[in-house]
Amino acid sequence: MMDFYQLSSKSPNPETPDTGWFFEAKKTLLCKGCSSPRVTGKPIDVVLQTQPDRSAVNIVHGVCIQIATNALLQGLFPEGPHESLLLGKVLGPERKEVAGFVTLMNRERLLVRGNERSTFRVCPDCQRVWYSAIGKRYILKRDVGSANVYESQYGGLVVSEDVAKRVIGGTWRNLVIRKLELRDEPVDGLNLPG
Ligand SMILES: [Zn+2]
């Protein structure tokens, strides 16, 4: 089985959504229970309070929307990242589109798990599993499908080794690339739904 790598952000500054946008989005785009984007199969646009902090990947605080630079995505997917991911617009102050950044989502999700101190809760509204991983991170072999890129909640993207290799060694601001252990069984002792 091929190895997988997690691409996540060590930016000290998650992006802050624009208050007006957030208020409107809560009525439509976002789950009323947990404020994460509703799964619609369509990309999501986001309005930020300030310009993004230039990290290669980052998260928008409170709404679980991930943003990334086009440069990183082109590095990962030279054939075009839109083949693998749903890409939306990032808007800044005065709702002007921010060049070089997109939001990203993927129907393919993968849970990066941790040790027995990890916890989870399930959103009563959208049934999304909110998992908080503690300790050494791994993925379960049975969770891995045929995709070469997965969205990982909180944790950026999980990509196969052949994809990760394209950006390893590059200079990407605040980007952490780490290899994930592949396990047959979880060690967190948790019974996750589905
Ligand atoms: Zn929810």
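Trainee: In β8, which residue is the bridge partner of Phe120?

Mentor: The bridge partner of Phe120 in β8 is Tyr131. This is a predicted model, in which local features need pLDDT of at least 70, side-chain atom pairs count only at pLDDT 80 or more, and totals for chains, interfaces and linings use all residues. Residues are numbered from 1 along each chain as its sequence is written.

Trainee: What makes β7 and β8 a pair?

Mentor: Two strands pair if DSSP finds at least two bridges between them. Strand β7 (residues 119–122) and β8 are joined by four bridges and run antiparallel, so by that cut-off they pair. The hairpin they make has six residues between the strands, and Gln127 takes a positive phi near 65 degrees there.

Trainee: What counts as a helix or a strand, and how many of each does the protein have?

Mentor: They are DSSP runs numbered from the N terminus: helices are H or I over at least four residues, strands are E over at least two. The protein has three helices and 12 strands.

Trainee: Why is the protein called as compact as a globular protein of its length?

Mentor: The radius of gyration is taken over C-alpha atoms, and the globule rule is 2.2 Å times the number of residues to the power 0.38. For 194 residues the rule gives 16 Å, and the radius here is 16 Å, so the description holds. Along its principal axes the C-alpha trace spans about 50 × 40 × 30 Å.

Trainee: What is the predictor's confidence in this protein, and which element has the lowest mean?

Mentor: The average pLDDT (the predictor's confidence in each residue, from 0 to 100) is 93, and 99% of the residues score at least 70.

Trainee: Why is Thr171 called exposed?

Mentor: A residue is buried if 20 or more other C-beta atoms lie within 10 Å of its own, exposed if 12 or fewer, and partly exposed in between; the C-beta atoms are placed from the backbone. Thr171 has 7 within that distance, so it is exposed. Thr171 lies in the loop between α3 (161–164) and β12 (175–183). Its C-alpha is 9.8 Å from that of Leu72, although the two are 99 residues apart in sequence.

Trainee: And what makes Val176 partly exposed?

Mentor: Val176 has 16 other C-beta atoms within 10 Å, so it falls in the middle class. Val176 is in strand β12. Leaving aside neighbours within four places in sequence, Val176 is in contact (C-beta atoms, placed from the backbone, within 7 Å) with Ser8 and Lys10. Its C-alpha is separated by 9.6 Å from that of Ser11, which is 165 residues away along the chain.

Trainee: Which sheet contains β12, and what is its strand order?

Mentor: It is an open sheet of five strands in the order β9-β12-β1-β11-β10, with mixed pairing. The edge strands are β9 (138–140) and β10 (149–151), each pairing on one side only. Three bridges join β9 to β12, which run parallel, and Leu140 stands opposite Arg183 in β12.

Trainee: Which way do the residues of β3 point, and are they buried or exposed?

Mentor: In strand β3 (residues 57–60), Val57 and Ile59 point one way and Asn58 and Val60 the other, and all are buried. In a regular strand the side chains alternate between the two faces of the sheet.

Trainee: What makes a set of residues a nonpolar core, and which have the most contacts inside the largest one?

Mentor: A core is a set of buried Ala, Val, Leu, Ile, Met, Phe, Trp, Tyr and Cys residues joined through C-beta atoms within 7 Å. The largest has 43 residues, and those with the most contacts inside it are Val46, Val60, Ile67, Ala68, Leu72, Val158 and Val159. Strand β6 (residues 97–105) gives the largest share, four residues. Leaving aside neighbours within four places, Val46 has contacts that include Pro17, Val60 and Thr103.

Conventions: Contact = placed C-beta atoms within 7 Å.
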